[in-house]
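Work through the exercises below with the sequence and the structure at hand. Try each task before reading its solution.

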Amino acid sequence: MSTLSLAVRDSTTMLRRNLLHARRYPSLTLNLLLTPIMLLLLFVYVFGDTMSAGIDGGGPDRSAYIAYIVPGILLMTIGATPAGTAVSVSMDMAEGIMARFRTMAIHRPSVLIGHVVGSVLQSVLSVIVVGAVAVAIGFRSTDATALEWLAAFGLIALVALALTWIAVGMGLSSPNAEAASNNATPLIVLPLISSAFVPLEAMPGWFQPIAEYQPFTPAIETLRGLLLGTDIGNNAWLAIAWALALASLGYLWSTAQFNRDPK
Amino acid sequence: MPSSVMPTSIPSAITANGLRKSYGDKVVLDSIDLHIPAGSVFALLGPNGAGKTTAVKILSTLIAADGGQAQVAGHDIAGEAQGVRGAIGVTGQFSAVDGLITGEENMLLMADLHHLPRREGRRVTAELLERFDLVDAARKPASTYSGGMRRRLDIAMTLVGSPRIIFLDEPTTGLDPRSRHNMWQIIRELVSGGVTVFLTTQYLEEADELADRIAVLSDGKIAAEGSAEELKRLIPGGHIRLRFTDPATYQAAASSLRETTRDDDALTLQIPSDGSQRELRSLLDWLDSAGIEADELTVHTPDLDDVFFALTTRQPKETTR
């Protein structure tokens with residue numbers, strides 16, 4: 001069997017294993033969905049009037065604010081699933097079966113690829129669920145063409161892939177599940193300090209660079225542009241560059257750690 | 001005393017020369033040599049912390065050695081790890097099953113990773129679940145299994161790819177006596193199928209029961225190697241014991257026999273002996289001619305316990321640090 005077909009076959013097997021875990025124990029996945037949905041409802045129905053008045057400087061307009069925060073909430077969802085991945089990878093590494101995998105003539109990275117592909121699929125599914133909630137409370141895409149929808153999904157998948165590889169690295173470098181959960185905190189926090197809830201211009205000057213120079217802001221701005229027709233500018237390229245860089249870094253970091261001798 | 005002279009007609013399953021491994025300044029394996037012929041059962045015997053598990057981990061390509069080389073199934077463990085992995089099956093000390101999925105799913109996972117066709121995978125799974133008495137539990141999550149069931153599932157998973165060499169790291173540790181005997185039976189069946197078994201154990205009885213050759217590992221070194229019989233011959237301790245019920249007969253025998261160890265309370269005499277027929281006959285002849293009749297005569301050869309303690313006795317290290 002060629003290396004490639006071995007890689008594909010073993011990765012598919014490992015993916016099946018991870019999906020089986022997710023199906024048997026859905027609570028972890030469902031818990032991760034809760035945060036973005038709660039934030040969406042909280043910001044729209046509780047803070048919505050104030051937030052929108054503050055942003056536009058005009059009157060309160062809750063429906064305009066729904067449109068503003070949904071892209072951010074969607075990317076926040078993409079951050080939450082990998083945070084769960086870090087925990088499940090760290091737990092999986094502690095399982096005795098990992099030693100078995102390491103002594104079998106399989107394509108080694110398939111163990112990690114199974115986690116990554118499973119997690120990306122979960123991310124995309126989560127985005128669809130959160131997106132459905134958004135649509136239910138009144139979110140509408142204004143002028144997205146089929147191509148723009150496709151691009152939006154592509155962007156979401158790419159960001160999910162990047163964050164998942166980073167999360168796998170975090171999971172591998174953590175001695176236990178608690179540490180993995182802590183290490184993955186940036187994936188949850190970074191969207192909160194991006195342009196998800198308020199535009200950069202509305203933030204204090206000293207804080208703007210923090211919000212601007214991080215992966216979530218360009219991805220959110222690009223998604224906004226695709227779904228709502230706002231100006232994308234060079235955000236699309238920045239978002240893609242961030243994602244590719246993080247994905248490569250995460251992949252190299254993860255495989256290097258996995259190839260090291262276990263304790 | 002690693003044996004360097006082996007019949008050349010039997011191919012070697014595992015060969016190791018000068019394997020070394022340290023963790024920090026703690027030397028775990030200190031130049032280990034092994035030569036295990038194909039189709040045999042080899043037992044690595046030693047107390048906790050002797051380095052048994054480390055040896056298994058290195059030979060099964062889980063971790064790298066610091067020095068020395070080894071070939072497993074003709075493949076170099078360092079350079080051709082995938083070749084080694086394709087020929088071996090490993091059941092480690094800690095159960096290597098996926099607790100979140102069922103026993104059957106664990107088996108099918110192994111079948112998929114061995115690239116068995118779907119139907120073949122189902123057939124092998126059903127057959128092994130049956131053979132290891134796991135059919136009733138097949139649809140339950142492996143995390144709900146008892147220790148013995150987990151161990152059986154573990155071995156069943158190891159057998160899915162029909163490995164030619166099987167590593168069993170303390171396969172019966174923590175099992176109750178019945179499960180232990182079941183496990184021995186399983187190991188014997190494996191061997192009759194031509195598989196080479198590399199076994200580690202801290203139970204002398206187990207090594208004696210199963211292994212063709214035994215190496216005693218102590219403090220990272222092989223203290224002795226040979227068959228159970230050869231090892232027993234290494235140390236003194238064989239004797240013939242005469243037991244009497246009548247104190248007068250006992251006294252008479254004790255005073256006329258030289259080189260005996262007396263136990264006046266139990267009315268027994270111990271006479272050093274290697275247990276050979278010649279020695280036994282001359283002793284019996286002598287007893288007859290002296291008119292001494294013991295009520296019970298038993299021949300004691302040193303058991304592996306004696307060997308184990310003689311070879312692995314070491315200074316207590318608990319006081320350091």
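Buried residues make up 41% of the 321 residues in chain B, where a residue is buried if 20 or more other C-beta atoms lie within 10 Å of its own, exposed if 12 or fewer, and partly exposed in between, with C-beta atoms placed from the backbone. The model is predicted: local features need pLDDT of at least 70, side-chain atom pairs count only at pLDDT 80 or more, and totals for chains, interfaces and linings use all residues. Residues are numbered from 1 along each chain as its sequence is written, while chains are lettered from A and ligands numbered from 1 in the order in which they are written.

**Exercise 1. Describe chain B as a whole.**

Step 1. Count the elements: chain B has 11 helices and 14 strands. Helices (H or I, at least four residues) and strands (E, at least two) are DSSP runs, numbered from the N terminus.

Step 2. Take the extent: the C-alpha trace of chain B spans about 80 × 50 × 45 Å along its principal axes.

Step 3. Look at the contacts, meaning pairs of residues whose C-beta atoms, placed from the backbone, lie within 7 Å. Among contacts in chain B with a separation of 6 or more, 69% join residues 24 or more positions apart.

**Exercise 2. Describe the side of chain B that touches chain A.**

Step 1. Count both sides: 24 residues of chain B are in contact with 21 residues of chain A.

Step 2. Find the elements: α2 (81-87), β6 (88-91) and α3 (103-113) of chain B each supply at least two residues of this side. The largest share, 4 residues, comes from α3(B).

Step 3. Sort by class: this side of chain B has 12 nonpolar, 8 polar and 4 charged residues. Ala, Val, Leu, Ile, Met, Phe, Trp, Tyr, Cys and Pro count as nonpolar, Asp, Glu, Lys and Arg as charged, and the others, Gly among them, as polar.

**Exercise 3. How do α4(A) and α7(A) pack?**

Step 1. Two packed helices are described by the angle between their axes and the distance between the axes. Helix α4 (residues 62-94) and helix α7 (residues 146-173) of chain A pack at an angle of about 30°, with their axes 8 Å apart. Axes are lines fitted to C-alpha atoms, for helices over the stretch in contact, and angles run from 0 to 180 degrees between N-to-C directions.

Step 2. Angles under 35 degrees count as roughly parallel, over 145 as roughly antiparallel, 65 to 115 as roughly perpendicular and the rest as oblique. The two helices, α4(A) and α7(A), are therefore roughly parallel to each other.

Step 3. List the partners: the contact includes Leu74(A) and Ile78(A) of α4(A), and Ile156(A) and Val159(A) of α7(A). By class, the contact of α4(A) with α7(A) has 17 nonpolar, 5 polar and no charged residues.

Note on methods: Two residues are in contact if their C-beta atoms, placed from the backbone, lie within 7 Å.
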